[in-house]
Amino acid sequence: MVTFSCDVAIIGAGTAGMAAYRAARAHTDRVLLIEAAHYGTTCARVGCMPSKLLIAAAEAAQAVREAHRFGVQAEAPRIDGRAVMQRVRDERDRFVGFVLETVHGWPESTRLFGRARFLAPGVLDVAGQRVEARTVVIATGSRPFVPAGWRERLGARLIVNDDVFDWVDLPKSIAVVGAGVIGLELALALHKLGVRVRLFARGDRVGPLTDPELQPLAQKLFAEDLPLTLSATLDPTLDGDQVLVGGERFEALLCTAGRQANLDDLGLETLNLPRDVEGHPLIDRHTSQWGGMPVFIAGDVTNDRPLLHEASDAGRIAGDNAARWPDVHSRPRRAPLAIVFSEPQIAIAGASHSELLATGRDFDVGRVSFADQGRSRVMLVNRGGLHVYAERGTGRLLGAEMIGPAAEHLGHLLAWSVQRGDTVQQMLDCPFYHPVVEEGLRTALRQLHSDLHLLAPPIENCMDCDTEAEAGA
C-alpha cells in the first residue's frame, strides 16, 4: 500500500475544499486535496450558474410576453428549447472550465483522486492508498434528497436538479416536488419557457420567508403565476411512460425535496464526533472545528447556511485552522444573506423573523408594499413587500425579509447595514436617489423610526430631519 504523509488532508474539492486548500497552503506545502468524483464546484456545475442561465432565458421570454403592457407590440415568443439548453450547457462548461483550470494549476503532488475513508484518527484510505494527516478537513458537500422508493418506482422519469442542466431540449411537461429555493426557481423558469409545470409542496410554505405576513403574500403571488399545490400528499407512480402526480400526468418528476450531507461511507464511526439529534455535525462555525479533535468541516456538508459565499468563508477558516493546529483561531462570520432568483425575487438579510422570535429579541417591524412604489410601478414590477426589523431601545437594524423587485440588490444593502451595526437613523441619513426602488426601503425605515419613538439627533448631525419642526419645537 502506497503511503502519503501530510499536514492537512482535505476531503472534497468543491467551493469549501478549494478555499480550505488555499488557506492551508499559506502555512504549509504539505497539503493534500482529495476528490472522489470530479473537480468543479456544485455552483458551477449544477447550482448557481446554470440555474441562472436558465432563469435568464425565461426572463427574456417573459419580457416579450409583457411588452404589450408598455404599448410595445410583439409576437408571442417562440421558445427554441434546444437553443436554450445549448447556451445553458455551453456557458456552464465555460464556468466549470475556469474551476478546472485553477485546480489543475495547483501542484500535482498536492492532489489525490479517490474516495476517502477514515481508518483511524488522522489516517485515511483513499482508493487503496494510505494517507496519514496531522489534521483533516471534511468538505464533501451534499446531494439531492429523494424519498425512499421513488427511484425504484419511477426509474428514469425521476430526475434531480443535477440532471436538468444536461438536457438537450426542454420537456413538454414536468412536476416539480419541493417548494424551496431550488424548486421555486426552476419551476418558475421552466413555466416561463413554455413547459407545463406544477409545483408541489409537501408543507404549507413556499420559499424561505418566515415573516407571518410575507409568507402568505409569497404564496399568493406565486400562485398567480404558477400552478401550485401546497400541503400535497404525494404518491407518484408511473402511468405508461408518464408520471402520475396529484391526478396529473407529466413527462418527468423533478425532485427538489431538500439535500442531504455526504457524510456516509467516510468511516466517521471511528472518530466518535458529536452530532445533534438530527445527525448534523455539531461544530463551532467560528473555527470550523468538529468536536475537540483535529478535524474541521466546512461547506454544504455542515447543513449550516448552504450558500457559496458561506462555504467559501467556512472553508477558509477550516483550512487556516487545520494548518495552524493546535493554535485554533476564532474568526468572525459575515451577516447572513440569502437570495432567491424567483419572480418576484426574495431576500433575507441579517436575522429572519423566526430567528428573532427564537432568540427573544425585543424588536419592531417597518413595512412597505411595492404595489404603489413609484419606480416599481414605472417598470410594472410593483408586487411584493419589505419588512425591516430593528431593536427597540437602540434602533439598531437586526434583519429584513422581502419579496419584490430588486431584492438581490436591496438584500445586499440591508446585509451590509446589519453587519456594520447601523441604526435606523444612520440608514435614513444615507442618500436615496429619486426615482429608485430603494425608496421603498426608506419608506419602511421611516415607519420603523416613528414606531420606535427614537429621539432625533441634533440637527447638525442629521440629514433627514424636519428642520422647521425642530426649530418650532
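Visitor: By class, how many nonpolar, polar and charged residues does the lining of the second largest pocket have?

Guide: The lining of the second largest pocket has 9 nonpolar, 8 charged and 6 polar residues; here Ala, Val, Leu, Ile, Met, Phe, Trp, Tyr, Cys and Pro count as nonpolar, Asp, Glu, Lys and Arg as charged, and the others, Gly among them, as polar. Before going further, please keep in mind that this is a predicted model, in which local features need pLDDT of at least 70 and side-chain atom pairs count only at pLDDT 80 or more, while totals for chains, interfaces and linings use all residues. Residues are numbered from 1 along each chain as its sequence is written, and side-chain values use heavy atoms, with hydrogens and water left out.

Rolling a probe the size of a water molecule over the atoms shows where empty space is left. On a 1 Å grid over the protein atoms alone, a pocket is an open set of points where a 1.4 Å probe fits, with protein on both sides within 12 Å along at least five of seven lines, and a lining residue has an atom within 4 Å of a point. The second largest pocket has a volume of about 670 Å³, a volume being the space filled by probe spheres set on the points, which are joined across faces, edges and corners. It is lined by 23 residues, and those closest to its centre are Gln62, Lys192, Glu343, Leu380 and Val381. Two or more lining residues come from each of helix 3 (48-66), helix 7 (181-192) and helix 12 (407-420), and helix 3 gives the most, with 4 residues. Helices (H or I, at least four residues) and strands (E, at least two) are DSSP runs, numbered from the N terminus.

Let us turn to the contacts that join side chains. A salt bridge is a side-chain nitrogen of Lys or Arg within 4 Å of a carboxyl oxygen of Asp or Glu, and the whole structure holds 34 of them. In one of these, Glu66 meets Arg69 with the closest N and O atoms 2.8 Å apart. Glu66 is partly exposed at 25% relative accessibility, and Arg69 is partly exposed at 45%, where buried means under 20% relative accessible area, exposed over 50%, and partly exposed in between (1.4 Å probe, protein chains only).

Another salt bridge, between Arg143 and Asp264, has an N to O distance of 2.9 Å. Arg143 lies in strand 7 (residues 142-144) and Asp264 in the loop between strand 16 (259-261) and strand 17 (283-284), so this pair ties together parts that are 121 residues apart in sequence. Asn262 is found in that loop between strand 16 and strand 17 as well; Asn262 is buried, with a relative accessible area of 18%, and its C-alpha atom is 9.7 Å from that of Ile138, although 124 residues separate Asn262 and Ile138 along the chain.

By contrast, Arg442 and Glu439, whose salt bridge spans 3.4 Å from N to O, are 3 residues apart in helix 14 (residues 439-452), and are therefore separated by about one helical turn. Both Arg442 and Glu439 are buried. Salt bridges also link Arg285, Asp304, Arg305, Glu310 and Arg333 in a network.

The strands remain to be followed. Strands of a sheet pair through backbone hydrogen bonds, either parallel or antiparallel, and two strands are said to pair if DSSP finds at least two bridges between them. Strand 4 (residues 116-120) and strand 5 (residues 123-126) pair in the antiparallel sense over 4 bridges, with Ala116 facing its bridge partner Val126 in strand 5. The hairpin of strand 4 and strand 5 has 2 residues between the strands, and there Gly122 takes a positive phi near 80°. Strand 5 is also joined by 4 bridges to strand 6 (residues 129-138), again antiparallel, and Asp125 has Arg130 in strand 6 as its bridge partner.

Elsewhere, 5 strands form an open sheet with parallel pairing, in the order 8-15-9-10-11. The edge strands are strand 8 (158-159) and strand 11 (228-229), each pairing on one side only.
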